[in-house]
Amino acid sequence: MQVPGANCLNWVLGHIADSRDNVLRLLGEAPALGEAARRYRRESDPVTADDPGVVPLEDLLAALSEGQARISRALGDLPESALAEERQDGDRTLPLGTLLHLANWHETYHVGQTELLRALAGKRDKVI
């Protein structure tokens, strides 16, 4: 089902995986999804079919899981003083702690979209 102005679950999950790859980069780690994440960058075309570059759901879920585990490890090893260090992220330079906060907010926004997409797909079961 195509909803005007919205994207499908594949794109939303891919976009979250791309964002986690960016967090990994900020933490000095290698990406989990890698080059495949290009398909899911901000303002990329909607995913409307199984086109070239569209990552299968199972692979997206694996990248999300791997990325989260690696972010958790990297944060556990990160000295608190590093949170105040300025880091470059695109066209902005901010303290690492601020960039991580913004990335967390961004992810929660898109995670919220998954609930709406589940409802549009007819899922009515309780997740929690």
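Contact here means heavy atoms within 4.5 Å. The structure is a predicted model, in which local features need pLDDT of at least 70 and side-chain atom pairs count only at pLDDT 80 or more, while totals for chains, interfaces and linings use all residues. Residues are numbered from 1 along each chain as its sequence is written, and side-chain values use heavy atoms, with hydrogens and water left out.

Asn10 lies in helix H1, helices being DSSP runs of H or I with at least four residues, numbered from the N terminus. Asn10 is buried, at a relative accessible area of 15% (buried is under 20%, exposed over 50%, partly exposed in between, with a 1.4 Å probe and protein chains only). Leaving aside residues up to four places away in sequence, Asn10 touches Tyr40, Val47, Val54, Val55, Leu57 and Leu60.

Helix H1 (residues 9–26) packs with helix H2 (residues 57–77) at an angle of about 30°, their axes 9 Å apart. Axes are lines fitted to C-alpha atoms, for helices over the stretch in contact, and angles run from 0 to 180 degrees between N-to-C directions. H1 and H2 are therefore roughly parallel to each other, a term for angles under 35 degrees.

One aromatic pair is found in the whole structure. Trp105 and Tyr109 are stacked, at 5.8 Å centre to centre and 20° between the planes (ring centres within 6.5 Å make a pair, and planes under 30 degrees apart count as stacked). Because they are four residues apart in helix H3 (residues 96–120), Trp105 and Tyr109 are separated by about one helical turn. Trp105 is exposed, with a relative accessible area of 53%, whereas Tyr109 is partly exposed, at 46%.

Terms used
Helices (H or I, at least four residues) and strands (E, at least two) are DSSP runs, numbered from the N terminus. Angles under 35 degrees count as roughly parallel, over 145 as roughly antiparallel, 65 to 115 as roughly perpendicular and the rest as oblique. Rings of Phe, Tyr and Trp (its six-membered ring) pair if their centres lie within 6.5 Å; planes under 30 degrees apart count as stacked, over 60 as edge-to-face and the rest as tilted.
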